[in-house]
Amino acid sequence: MEYDIKDLNLKEIGKKRVLWASRNMPLLNLIKGKFLKEKPFKNLRVSACLHVTTETANLMETLKAGGATVSLCASNPLSTQDDVASYLVSKGISVFAIRGEDKKKYYEHILSCIKNFPNITMDDGADLVSSITAIANNNLSTLNPVIKNWAYKLKKEEKEKLIGNIFGSTEETTTGVIRLKAMAKDGVLPFPVIAVNDAFTKHLFDNRYGTGQSTIDGILRATNILLAGKRVVIAGYGWCGKGVAMRAKGMGAIVYITEVDPVKALEAYMDGFEVLPMEKAAEIGEVFITVTGCKDVLRKEHFLKMKDGAILCNSGHFNVEIDIEALEKISTKKEKIRHETVGYKLKNGKTLFLLGEGRLINLASAEGHPPQVMDLSFANQALSALYLKNNGKKLERKVYSVPEEIDKEIASLKLKTLDIEIDKLTKEQRKYLSSWQEGT
């Protein structure tokens, strides 16, 4: 079994943490038990590009219990928990991930998962699928050099095997879904993809409650600031932005929202937040949090207007939301202050503090989403993978939502694990809801 991790001796520490997360993932444990009996992935290979966390470890073990040969690489250079990687290798799962890995190593690890010649892939940001898509369409110039060099040597029959073997993929994030829909629109997506992020039991909970809590957790671990009374600017009012705004407000922060979508901006206003453009927010904010999925949300003109001591961080998937290159150019000095906190002394004399290198603050500085909410997200991943195994070859090469029956099954099972009962429609109520004749 191949792997590339920091230290295999960390496995006992990782084991305790993975088991702790498992205690709070009862839904995934139900699915794991079912997979263990039925072995739906027997003789199949799964390659996953996900954050290597305790919650992900439980998903990988669930797939392995179902008979899959699993390979895992990191979807972000700062999201790997090295003790978890060690534990998974000890359990027979190939892991290619080291916290703090550089870009070259990051893509070497993605290539290792491609070389697994998977039948199903799982993505968090679409870096794995976009690499396979470029190979499938002979668009090798867009590939990272590490993967490009390998792809150039790939024989025709090997390429056909790589693409032909894949039933489909699942995607965890808003950012990844945007990329994949663009691939489908351009007609280059080589296989069907299920947008796990679009499931109600994913984005209504993971994005809102998971991102909301873990983003604040990451900021506090990195800075130890008091949020009460702080002027917090949140860029983006999607489900992640809503969650962060809700938690920041709950801790006493004065919250401002910036948006480009008029509907979301209006919603933020109706939720009680002040809405304004970033050029104005830059002058009054003390903590800036980007959650847009877009690039250059905070840039040079904003940095120059910010107060001395302003804190900048990102909770969107990629580290492109804060223009770090521009920040470097207008700085005279750069100094690490504390864990994942770097001060940039600007030419105008002010100092701005960047957290987590502009990468996902909840994983760069904290532990990511709590297992209770990832229980829902990874149940979607597991059941969507099963759906692809059974139906992938019959689907078109486009992005699909999680089937409604899976979404509802997950919600029902989660309620069951929480000992929550709900009402059922009577026969007359079902008749009423399915007809049009009965009115006032």
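Predicted model: local features only at pLDDT ≥ 70, side-chain atom pairs only at ≥ 80, totals over all residues.

Colleague: Is His302 buried or exposed?

Modeller: The general idea is that buried means under 20% relative accessible area. His302 has 4% relative accessibility, so it counts as buried.

Colleague: Which residues is His302 in contact with, leaving aside neighbours within four places in sequence?

Modeller: Those are Met278, Glu279, Ala282 and Val297.

Colleague: On to helices. Which residues of helix 1 are buried?

Modeller: Gly14, Val18, Ala21 and Ser22. They cover an arc of only 100° around the axis, so they lie on the same side of helix 1. The face turned away from that buried side carries Lys16, Trp20 and Arg23, which are exposed.

Colleague: And what do the buried residues of helix 1 pack against?

Modeller: Helix 2 (26-38), helix 3 (54-65), helix 4 (82-90) and helix 17 (371-391).

Colleague: How do I read the length of a helix?

Modeller: Compare the end-to-end C-alpha distance with what you'd expect at 1.5 Å a residue. Helix 11 (residues 239-250), with twelve residues, reaches 17 Å from first C-alpha to last, close to the expected 16 Å.

Colleague: Which residues are buried in helix 11, and what covers them?

Modeller: Cys240, Gly241, Lys242, Gly243, Val244, Ala245 and Ala248 are buried. Their cover includes helix 10 (200-223), strand 7 (231-235) and strand 10 (287-290). Just after helix 11, look at Gly252: it takes a positive phi of about 95°.

Conventions:
Residues numbered from 1 in each chain as written. Heavy atoms only, no water. Helix = DSSP H or I, 4+ residues; strand = E, 2+ residues; numbered from the N terminus. Buried < 20%, exposed > 50% of the residue type's maximum accessible area, 1.4 Å probe, protein only. Contact = heavy atoms within 4.5 Å. Arc of directions from axis to C-beta.
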